[in-house]
Every structure is written in structure tokens, then in C-alpha cells.
Amino acid sequence: ETIYTVNADFIADVASIIFEEATNYHYLDDMPDYCQLVIGTADMEDAYQQFPQCPKSRGINVVGWYSEKHQGWRFATAWGLVFGKRRAVVQFNRLSTLVVASSRLITIVPSTAFFDDFMTVDFELPGNSAQQTLTAMVHATGASLQAKKTMPPLTQRPFLGVYVRLDVMLT
């Protein structure tokens, strides 16, 4: 199974599509300031641990470590996905793909994900509605986002190591 990810070009692609449509319909001449594009980001909390394994798979989902305190090996059943297991990556990415597809197709929110990092593009006017919609989609799957790593939409925001500015768009 192939895992597909995005890069920071997604933001430019969304802005370009919106700019092109606005140009086609002559909206640019009268576009109010509140139509400024903004970017919001969110990150999942303990991402792999949010995905319980089915009961019949738990017997093979055991992790071991050497304990200095007990001077021996300790073992425990992992209830979530185990980081480093090949199938865990594929299983985990199915969730972010589902969330992004749902937010795009059902609610028409321009969003994307890079593994457990989500990003939305929105207008300033709706007051964070794209990010709220994406958060609702994540919660609908039973997963949650880290409040401290959820950044409100702004015109300037880092995403995937790139500092993106939408406050000045070249025409």
C-alpha cells in the first residue's frame, strides 16, 4: 500500500485556485479585506496511541524492554499502534486521509495532512470555521488534537518547515 503525503506547495495551489476564480469573476476589484487567506494548523495528541488494536491482534502487539530497576526484561501489551512497526504507519495514515477527504468532499474545507499534522486554508471572515470543521472531523473518528499545538489561522504560519506568508500575494 502506498502512503501519499503533501508538501507546503498545497497552500500555494489553494491560493492560486481561489485567485484564479476571483479573477475570472472580476471579484478582485471589489474584494474586501476580510477575504484575506489565513492558515491554521493542528497536531494530533499521542497520535499512534489513539488507535486501539482489535482484540485478536493484541497478542502479537507486545513490546519488550530491559528494566534496570527490575534487572530483567519486561513485557506489555500495546493497546495502540506501535511506533516503528511497518503496518502501524499504513494504518495510521488511513485516518488522516479519511479526515482530509471528508473535510474536502463533505464540507468543502481546503485541508491537508502530513501524517498527524493537519492544515487548513480559510478566509479571515468566517472566524476559524475551516479549522473548527477539520477538528470536528478528527473528533468524529474518535481521535483528538493537542490544544497546545493547535495554532489559530493567521496570514503567516510555518508548515512543514516552510514559513508561509499569505498577507502579500503577488499578482
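I take buried to mean under 20% relative accessible area, exposed over 50%, and partly exposed in between, with a 1.4 Å probe and protein chains only.

**Entry 1. Basis**

I am working on a predicted model, in which local features need pLDDT of at least 70, side-chain atom pairs count only at pLDDT 80 or more, and totals for chains, interfaces and linings use all residues. Residues are numbered from 1 along each chain as its sequence is written, and side-chain values use heavy atoms, with hydrogens and water left out.

**Entry 2. The chain as a whole**

I looked up the secondary structure and found three helices and eight strands. Helices (H or I, at least four residues) and strands (E, at least two) are DSSP runs, numbered from the N terminus. I noted the order from the N terminus as α-β-β-β-α-β-β-α-β-β-β.

I then checked the dimensions. The radius of gyration of the chain is 20 Å, whereas a compact globule of 171 residues would have one near 16 Å. That radius is taken over C-alpha atoms, and the globule rule is 2.2 Å times the number of residues to the power 0.38. Along the principal axes, the C-alpha atoms fill a box of roughly 70 × 30 × 25 Å.

Of the 171 residues, 36% count as buried.

**Entry 3. Helix H2**

I examined H2, which covers residues 86-105 and has 20 residues. From its first C-alpha to its last it reaches 29 Å, close to the 28 Å expected at 1.5 Å a residue; the expected span is 1.5 Å times one less than the number of residues. Its buried residues include Ala88, Val90, Phe92, Leu95 and Val99. I find that the buried residues of H2 pack against strand E4 (111-114), strand E5 (117-123) and helix H3 (129-140).

**Entry 4. Thr120**

I turned to strand E5, where Thr120 is found. Thr120 is buried because its relative accessible area is 1%. Leaving aside residues up to four places away in sequence, Thr120 touches Val38, Ile39, Gly40, Val109, Pro110, Ser111, Ala130, Gln131 and Leu134.

**Entry 5. Loop positions**

I located Pro52 in the loop between strand E1 (37-43) and strand E2 (62-67). At a relative accessible area of 63%, Pro52 is exposed. Pro52 and Gly80 lie 28 residues apart in sequence, and their C-alpha atoms are 4.4 Å apart in space.

I located Gly161 in the loop between strand E7 (156-159) and strand E8 (162-165). Gly161 is exposed, with a relative accessible area of 81%.

**Entry 6. Positive phi**

Ile108, which is not a glycine, has a positive phi of about 60°. Ile108 sits in the loop between H2 and E4, and is exposed at a relative accessible area of 70%.

Leu160 also has a positive phi, near 55°. I place Leu160 in the loop between E7 and E8; it counts as partly exposed because its relative accessibility is 33%.

Note on methods: Contact = heavy atoms within 4.5 Å.
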